[in-house]
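Here is a short briefing to read alongside the structure.

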Amino acid sequence: MNIGKLKFLSSYAAKRLDVFMLLWAVMLCAALTVLYPPAQVVHADFEKNAPSPVIVAEDIYGNPVSTEEILNRDRKLVILFFFSLDTSEELALRLDHMNKSLGGVELEIVALGLREDADALKDFAETIGIDYYLISRELLEDAAWRGQVDVLPTTLFVIPKEGIIERVLRGDQPRHRNILAQVAENFYQQRINDAALQVADQALEAGEDPREAREIRGYILASEGLLDEAEAEFGAIDAQGGLSQVAYERGDFERVLSIAGESDDAYAQTMKGQALLRLGDLEEAGRTLETARRSAQPSERDWQRSELENTRGRVTHESGDVEAATETYRQAVALDPYNVKALSNEGAALQEQGRLEEAEAVLQRAGGIREDEMVVALLQQVRQQLQEANDVERRQLIQTQISELGERYAALRESGAAEARDDWSSRPLVMALLPGNRGSVYFERAGVDVVLQRSLEQHLQQDAGIQVVERGMLDLLLQELNLGSSELANPDTQRRLGQVLSAGMLGFLEYSRIGGEAAVLVRVVDTESTAILWQQSLPFDERRPL
């Protein structure tokens, strides 16, 4: 074989070997990919109800900044503002003006310039006089969250203490352009109304969308009870949802129905649902709210959608499905973490199911948002129930007593005879206050009737000197005897119940509405003669029942 041919064959074999090696490498990589799939790079945007990013850095003046420390300060809101001077200088100025006007008390702002270096940001801050935290990208110690900033500017509203994102504003979307109105809305949700009104006025002065700012002004005024002023704001911009709320607050439910009948505004439909509930039409209210839920647009305010879900929860609760109502209340809270009414309703529903530790946690959270009488009363009751539930010896004693009382009641019913009375000694003044008859009366807050009943029991025992049969024992006995409201209305049942409980009086509560206002009829019956000893109708404010 000549040398030229040998070289050709050698070159050909080498090429074949290279191709073989290449194919073998490709097959090996494919096999390894199946066995050990590569880690995926996931791009996740910031989301509502997610934990806020942890930021540790120095600001442009060398001051240490830690969001974990800032979130534990006594503030109502923390704003994280990711920006660049070429896209969002004007927003940065508006935030600074607001921050100065509030005196740095209500909120804390941390701004991060993600395109400029520290010198450029420092020149900007000194020229304008910005006094909130300003951080450049190279001063960040850890920026693992950078991939979540998908557009500049991006603004996060973060709930202090909890460190949870309440809302996300991105880019040049309308709500971000109206950033002061967004802050005013957040303060309104927390019912920090003075600051909310101040920031809403600044939004108007800054040239933000006047409809956005005036509408939130209307809701702030309505929550302060300034209904004429609120109506003027809503009327000027034809805000049907706001006008329907004003009519509802005035008790003009027919007006609410009229406004909602001419509007497809989802919040106006929510108000219609609430008006129907107050008018006693549970089924129509449910249909109205379901229609409103389906027609609600993503652009609807979260707190308004939260109120819709909360009202749906009340319909479900009033219909008897307490477990489903609990989940709906939770959906309402997910939309608006400041919705104290929804948290209160969730706590009452959990209490009703005997889930006392969960109820305590929910009510504690509600109480941390703002002072609320219903929340305070429910929390007090839940804690008392927890204390009683943890008292093993007391529980065993009550169970023994319930068993004995049940046997005694059954014996009296079978014999049809009354027990012998000791006429020589005076009996103690003992009353058993029986569960109230709600009828078709609807309350915005779950548990109002229970709070009122237990408050009345405490008043009778402490102020009137009447010994009241213990609530826990009475509830268990009625459950053991399977006595409903119809049986309790029977004079023979009343007489036997009074005898087994050694109670000379039975108290009955019946709820009604007089001219739109809630009232409770208290009726006291002598258990021996079943004659009415005393009765009186007492009006009360269902939003402040104590």
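This is a predicted model: local features need pLDDT of at least 70, side-chain atom pairs count only at pLDDT 80 or more; totals for chains, interfaces and linings use all residues.

**The chain as a whole**
- The protein chain has 546 residues, and 47% of them count as buried.
- Among contacts between residues at least 6 apart in sequence, 61% join residues at least 24 apart.

**The sheet with β3 to β7**
- Five strands form an open sheet in the order β5-β4-β3-β6-β7, and the pairing is mixed.
- At the edges are β5 and β7, each of which pairs on one side only.
- On average, neighbouring strands of this sheet are turned by 15° against each other, with direction ignored.
- Strand β3 (residues 77-83) pairs with β6 in the antiparallel sense, over five bridges. L80 has L156 in β6 as its bridge partner.
- Helix α4 (residues 118-128) packs on this sheet and touches β3, β4 (107-113) and β5, with its direction at about 155° to that of β5.
- Helix α6 also packs on the sheet, where it touches β3, β4, β6 and β7; its direction makes about 155° with that of β7.

**The sheet with β8 to β12**
- Another open sheet of five strands runs in the order β9-β8-β10-β11-β12, again with mixed pairing.
- β9 (467-468) and β12 (532-539) each have a single partner strand, so one side of each is left without a neighbour in the sheet.
- Strands β10 (residues 505-514) and β11 (residues 517-526) run antiparallel and are joined by 10 bridges. Within this pair, L506 stands opposite V525 in β11.
- Helix α20 (residues 448-462) lies across β8 (430-433), β9, β10 and β11, and it runs at about 135° to β10.

- Is R454 buried or exposed? Its relative accessible area is 18%, which is under the 20% cut-off, so R454 counts as buried.
- R454 sits in helix α20. Leaving aside neighbours within four places in sequence, R454 is in contact with Q351, Q381, Q385, R471 and D475.

**The second largest pocket**
- This pocket has a volume of about 990 Å³.
- It is lined by 32 residues, and the closest to its centre are R191, S223, K341, R370 and R543.
- Several helices give two or more residues to the lining, including α6 (179-189), α8 (210-223), α16 (340-352) and α18 (373-389).
- By class, the lining has 15 charged, 10 nonpolar and seven polar residues.

**Backbone details to look at**
- Most residues other than glycine have a negative phi, and most peptide bonds are trans.
- P153 lies in the loop between β5 (133-136) and β6 (154-159).
- At 54% relative accessibility, K161 counts as exposed.
- With a relative accessible area of 36%, R191 is partly exposed.

Definitions and conventions: Residues are numbered from 1 along each chain as its sequence is written. Side-chain values use heavy atoms; hydrogens and water are left out. On a 1 Å grid over the protein atoms alone, a cavity is a set of points where a 1.4 Å probe fits but cannot get out, and a pocket is an open set with protein on both sides within 12 Å along at least five of seven lines; lining residues have an atom within 4 Å of a point. Grid points are joined across faces, edges and corners, and a volume is the space filled by probe spheres set on the points. Helices (H or I, at least four residues) and strands (E, at least two) are DSSP runs, numbered from the N terminus. Ala, Val, Leu, Ile, Met, Phe, Trp, Tyr, Cys and Pro count as nonpolar, Asp, Glu, Lys and Arg as charged, and the others, Gly among them, as polar. Two strands pair if DSSP finds at least two bridges between them. Contact means heavy atoms within 4.5 Å. Axes are lines fitted to C-alpha atoms, for helices over the stretch in contact, and angles run from 0 to 180 degrees between N-to-C directions. Buried means under 20% relative accessible area, exposed over 50%, partly exposed in between (1.4 Å probe, protein chains only).
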